[in-house]
Amino acid sequence: MRRRKPAEGFVLGGIFFWTIIAHLISSCLAIQLEERMEIVRKVLKEVPLIDGHNDLPWNIRKFLKNQLREFRFGEDLRDITPWSTSAWSHTDLRRLKEGMVSAQFWSAYAPCSSQHLDAVQLTLEQIDLIRRLVNLYPQHMALVTTADGIEESHRSGKLASLIGIEGGHSIGTSLGVLRTFYQLGARYLTLTHTCNTPWADCCKVDEPGRVPHIGGLSHFGTLVVTEMNRLGMIVDLSHVSVPTMLDALATSKAPVIFSHSSAHAICNSSRNVPDHVLKRIAVNGGLVMVAFYPHFVSCGEKATLKDVVAHINHIRDVAGVDHVGIGAGYDGVNLVPQGLEDVSRYPYLFAELLESERWTEEDIAKLAGRNLIRVFRQVEQECSPSINRYHRKIFSAARTVATRGHARDEPSGARVATNRPLFHTPSNESTNSRFRCTRWRNQVSSTGRSPPSEVTPGTGSTAGSTSFDLFIAYHAHKSTQRYTQTHNQTIRCPPGKGPTT
């Protein structure tokens, strides 16, 4: 019996019907996505989105030799060489704003090849680079060193820029160097990179066939963790071996973080965090900030946004929603997941999570930034009371002199108030750099003293230190003051220190 062919009109009608159905489904999905995106935008306006790790400073060193004159961070770097041709570039101010990023830990990184050589110098140069970059964009960025500072920057609409040291070899086995990095603004130290230090094992020793160097932390390694607790500096355990993780967790009195790691149970990379450590993180009160690198997400060269969601959900299941955050690792990787191509894509990750009923707006707020702020505050609370008092005094004085201005002497002898601040903070130092240069030239001619470092007009930066560092130095020596008459002003300076701050 011959089979009858369906009428041509019937076939065309069926195709048209299913086309309409597919269109309706895609329209419904688009509407649902947009609704979730609106919720995400609302949350991120109230809560700062904080990313735990970005390697842009190393790319600036690699491409521009740390020269910022040719770095157009405020433009779309996808249209500017060499960034447009590099698979390692994912960050600029435009895309950070599009991604609603409120706070970023910038990595001050020195390669393992510099260990026992010039690692300390390279790290100092990277810290200097980060500070100069922030100073170049005072309307958009602010250097931040406290949890309160993150929230203040978020309210003012600026990108809170924090400094993290990536690799314990950067301190040169010296607690003095560690303390100096802290004074320069570094707020976390990753105990190792992909190389052992004399006092800690890195993740490489966990790989098959490798032999531990120490078996965790040495005695000096525990001193490093203890000193970081005293200072109020966050201990970062990304890149370290499992025994080092456990030793640090046993030593630290404050919560610790993994600034850019994922879940070992899903991808068994030695860079990821195993479940028994996740449980210890929950007890410690710490945080695992999920990395986006495909080799840590899918254990391959390709990954998707949904793969990253799987890691976030696993860490939530094992450690709890209070112990998971975001640490993408952009600009330090040449492969990224589909759907998370650059820093503008964070909202899509949160929108994907909201598709599941288990994630609420409050949960998204914790993942985005509240968890990190909680950890940061607990670290600050654990630090030495003398350190806390010192910081309160310094930053209170900084706000006072930055907002109240100072007085000057008129030729008649009367004291007249002026709105010009005597000491300059990073937010106003660019606009006052010419004034500082002129004041220094006049002071040198009248006193014979030289400035501490060459001031670069128009940038508000110095070759050897920033105005903030000099402000710290000033208040550290405030007990001795002298008066120098310049420009009909009375400038108070401690011996050997300059008037700028």
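Cysteine 195 counts as buried at 11% relative accessibility, where buried means under 20% relative accessible area, exposed over 50% and partly exposed in between, with a 1.4 Å probe and protein chains only. This is a predicted model, in which local features need pLDDT of at least 70 and side-chain atom pairs count only at pLDDT 80 or more, while totals for chains, interfaces and linings use all residues. Residues are numbered from 1 along each chain as its sequence is written, and side-chain values use heavy atoms, with hydrogens and water left out.

A disulfide, defined as a pair of cysteine sulfur atoms within 2.5 Å, joins cysteine 195 to cysteine 112 with an S to S distance of 2.1 Å. This link is left-handed, with -85° about the S-S bond. Cysteine 112 lies in the loop between β2 (101–109) and α4 (119–136) and cysteine 195 in the loop between β5 (186–190) and α7 (219–231), so the pair ties together parts that are 83 residues apart in sequence; helices (H or I, at least four residues) and strands (E, at least two) are DSSP runs numbered from the N terminus.

## The other cysteines

The count comes to two disulfides, and a disulfide also joins cysteine 267 to cysteine 299, with an S to S distance of 2.0 Å. The torsion about the S-S bond of cysteine 267 and cysteine 299 is about 110°, so this disulfide is right-handed. Cysteine 267 is buried, with a relative accessible area of 0%, whereas cysteine 299 is partly exposed at 39%.

The sulfur of cysteine 203 is 5.1 Å from the closest cysteine sulfur, in cysteine 202, which is too far for a bond.
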